[in-house]
Amino acid sequence: MANDTKRFQAIIGHCKEYGFIFPSSEIYDGLSAVYDYGQNGSELKKNIKDHWWKSMTQLQDNIVGIDAAIFMHPTTWKASGHVDNFSDPMIDNKDSKKRYRVDHLIEARIDDLEAAGKQDQAAALQQDMDRLLAASDLDGLRQLIETQKIKCAVSGTSNWTDVRQFNLMFSTQLGSVSEEASEIYLRPETAQGIFVNFLNVQKTGRMKVPFGIAQIGKAFRNEIVARQFIFRMREFEQMEMQFFIRPGTQKEWYEYWKEQRMQWHLGLGIPREKYRFHDHVKLAHYADAACDIEYEFPIGFKEVEGIHSRTDFDLKNHQEYSKKKMQYFDPEINQNYIPYVIETSIGLDRTVLMVLSEAYAEEDLSTPDKPDSRVVLRFPPRLAPVKLAILPLTKKDGLPEIAREIMNDCKAHFRCFYEEKDAIGKRYRRMDAIGTPFCVTVDHQTKEDGTVTIRHRDSMNQERIPVTSIRETILNYIS
Ligand code: GAP
């Protein structure tokens, strides 16, 4: 699937209709590239967060987690290189006044060429763009846009400004009196909170290299071209891990973490062919090697996670700017050194979008006599917002009472949902639409033999199980 805009729009609509994701402050017409998670979206997001946290900290012998503040001393961003280097080449169309990221503009042209079957031209253009971006050749990029006759989608003209660099950091004032206030930044990555705490954690945790520090938290970027739903936001969350290693071992640890992270992705039940590695041609200012793990979204293969070999760039610069030693004494080789770092950095919101894209299915269930269909979210059970729906067949004959008892037995262990309204078929469909993997129905037979039907979301098969085994059955599925 190259670019399935219709499917992507259907997913966005479904997210809104079923309480997953809403535009931010929608009653005021929303805020561009900012979104709120609703009752189901926030559960899904939290389940993904918990799953990542557990696999990166609890299941590792040598990785611990922290939770650093969003605001940091402004010098942090000078030392990290973000003040000077965290920018994207942009170009404005003079007629529409629209601003574009240069690489996005050229990538759209590459997509058009591919769609028109001109693969060779597309590949050549990709190469030219990569070369010019790597050399930060702004004039060359401007010329490329001109020779390709790329037009603004709004004005339809090629009346472009020069290409300029724009810094992506948001700034604000710390302090109440304007003369005394100092400018600080909203962090554009969570990683720096880990770097500045490197020695605090190493010393207090008596950590030995190689070891890692993980963190989940908000990051902010003034994305000029923010689009594609929660794929590119101005406020988003990252799940990052910095792995501190002995200098000279970065190549093997880089390969190790590439493999580990791919295994984590496959563990979500997503097939290997939906992923690919993409090596960076233009390296970020801190990296000596970097790649992305890309997933095939309905809008094409796009980055979900970055794996970066960051050398000792960050710790060395923090040492220089803070005048505090960032060295580690390695007892095995009897030497002091500034550790090198391999970073794994995955966007939480992009992972939510990936899981939603993979799960979303429109199914035709028509029979010769009756048209029928359903929209189902085939989430892995452990990520589903609701694990179990408990549905009394009718509102009378003591069935709701039994259903409430089941609810009380299960709700401390996993998220349940109770509903008695509407025909059972309608209730099943509503649960399919939010991805609930199991529904149990309490019917009149329950009163006779103490069993319920359990319905499996994906196969829609039903079987009878004893009421007493419901909790254990669901726990086995989601563990
Ligand atoms: N600390 C390294 C770092 O921040 P990055 O490649 O700029 O590297 C890492 O970002 C991940 O954060 C990306 O792979 C992506 O999933 C997510 N991300 C970056 N910018 C984003 C945005 N504007 N909206 C949503 N997610 C974003």
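This is a predicted model: local features need pLDDT of at least 70, side-chain atom pairs count only at pLDDT 80 or more; totals for chains, interfaces and linings use all residues.

Contact here means heavy atoms within 4.5 Å.

**The largest nonpolar core**
- The largest nonpolar core holds 59 residues, and those that touch the most other members are Phe 20, Ile 21, Leu 44, Trp 52, Leu 356 and Phe 379.
- Helix α12, which spans residues 348-359, supplies the largest share of this core, namely seven residues.
- When neighbours within four places in sequence are left aside, Ile 21 is in contact with Cys 15, Lys 16, Tyr 35, Asp 36, Tyr 37, Gly 38, Phe 229, Ile 230, Val 352 and Leu 356.

**Glu 189**
- Glu 189 sits in the loop between β8 (182-185) and α8 (191-195), and its relative accessible area is 4%, so it counts as buried.
- Its side chain makes a polar contact of 3.2 Å with the side chain of Arg 310.
- Beyond four places in sequence, the residues in contact with Glu 189 include Trp 77, His 82, Arg 221, Glu 240 and Glu 343.

**Arg 221**
- Arg 221 lies in the loop between β9 (211-220) and β10 (235-245).
- Although Arg 221 is buried, it has no salt bridge, and the nearest side chain of opposite charge, that of Glu 223, is 4.8 Å away.
- A polar atom of the Arg 221 side chain lies 2.9 Å from the backbone oxygen of Pro 188.
- With neighbours within four places in sequence left aside, Arg 221 is in contact with residues including Phe 86, Leu 168, Phe 170, Glu 189 and Gln 238.

Terms used: Residues are numbered from 1 along each chain as its sequence is written. Side-chain values use heavy atoms; hydrogens and water are left out. A nonpolar core is a set of buried Ala, Val, Leu, Ile, Met, Phe, Trp, Tyr and Cys residues joined through side-chain atoms within 4.5 Å. Buried means under 20% relative accessible area, exposed over 50%, partly exposed in between (1.4 Å probe, protein chains only). Helices (H or I, at least four residues) and strands (E, at least two) are DSSP runs, numbered from the N terminus. A polar contact is a pair of N or O atoms within 3.5 Å; within protein, one must be able to donate a hydrogen and the other to accept it, and residues adjacent in sequence count only if both atoms are side-chain atoms. Lys and Arg count as positive and Asp and Glu as negative; His and the chain ends are not counted. A salt bridge is a side-chain nitrogen of Lys or Arg within 4 Å of a carboxyl oxygen of Asp or Glu.
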